[in-house]
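Please keep the view open while reading the points below.

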Amino acid sequence: MYFAALLARTEDGWEASDIELDNVETLADLADLARESAADDGETVIVFIEQEDAWFGLVRVDGEDDPRVFVSNAAAAARSSYGEILTSELLGDDDRDGALDELTDLDGTEDGEPEHEDDEDDDVAATAGIAPAGPLGEGRILADLGMTERDLIDLTEDALGEIADAIGASDILEAVR
């Protein structure tokens with residue numbers, strides 16, 4: 001079961017609402033949904049998605065800038081439909097349907113063979129599209145709003161509540177719970 005909320009920053013403070021993700025299939029869809037909820041074009045909007053305390057994800061949209069993404073546990077998120085949208089974007093896995101798998105390697109290596117034998121394990125995992133069992137994305141996504149990267153990574157229970165407290169939106173949180 002998923003829980004999704006949207007926090008939009010306005011000149012009067014934060015506004016919160018719960019959102020439906022039924023029509024969201026890509027990160028671009030999610031960013032468009034966030035932009036539509038903003039009263040002004042340049043507003044900051046944060047989309048919070050959580051799946052039963054297994055993982056949470058944040059998508060931050062500032063006006064027309066590219067969305068910024070953070071996922072608390074990429075491996076868990078990659079196994080769920082909405083989490084896979086976020087992790088695929090972060091890992092650069094644009095080929096979710098496998099259509100490019102049939103192409104022959106043009107660099108002279110065999111299929112599945114790394115191009116450079118001295119790659120570190122993390123680099124190989126990231127290029128292979130394997131989601132790590134831990135945080136992934138932009139850890140400083142909320143730093144300018146009052147939540148440090150360390151505090152974000154350390155969140156376990158009531159992540160939305162802790163985030164709302166840190167960014168000064170705790171008074172409107174009850175509207176979405």
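1. A word on terms. Helices, of at least four residues, and strands, of at least two, are DSSP runs numbered from the N terminus. The model is predicted. By that count, the protein has 6 helices and 6 strands.

2. Order of elements. Along the sequence the pattern reads β-β-α-β-β-β-α-α-α-β-α-α.

3. Burial and surface. The protein has 177 residues, and 40% of them count as buried.

4. Contacts. Take the contacts between residues at least 6 apart in sequence: 55% of these join residues at least 24 apart.

5. Helix H6. Which residues of helix H6 are buried? H6 spans residues 159-167, and its buried residues are Ala159, Leu160, Gly161, Ile163, Ala164 and Ile167. In an α-helix there are 3.6 residues a turn, so residues three or four places apart point the same way. The cover over the buried residues of H6 includes strands E1 (2-10), E2 (13-18), E3 (44-51) and E4 (55-62), along with helix H5. After H6 comes Gly168, with a positive phi near 85°.

6. Ala143. Where does Ala143 sit? Ala143 lies in the loop between strand E6 (136-137) and helix H5 (149-154). Its relative accessibility is 27%, so Ala143 counts as partly exposed; buried would require under 20%, and exposed over 50%. Ala143 and Ile167 are 24 residues apart in sequence, and their C-alpha atoms are 9.2 Å apart in space. Ile167 is one of the buried residues of H6.

Terms used:
Residues are numbered from 1 along each chain as its sequence is written. This is a predicted model: local features need pLDDT of at least 70, side-chain atom pairs count only at pLDDT 80 or more; totals for chains, interfaces and linings use all residues. Side-chain values use heavy atoms; hydrogens and water are left out. Buried means under 20% relative accessible area, exposed over 50%, partly exposed in between (1.4 Å probe, protein chains only). Contact means heavy atoms within 4.5 Å.
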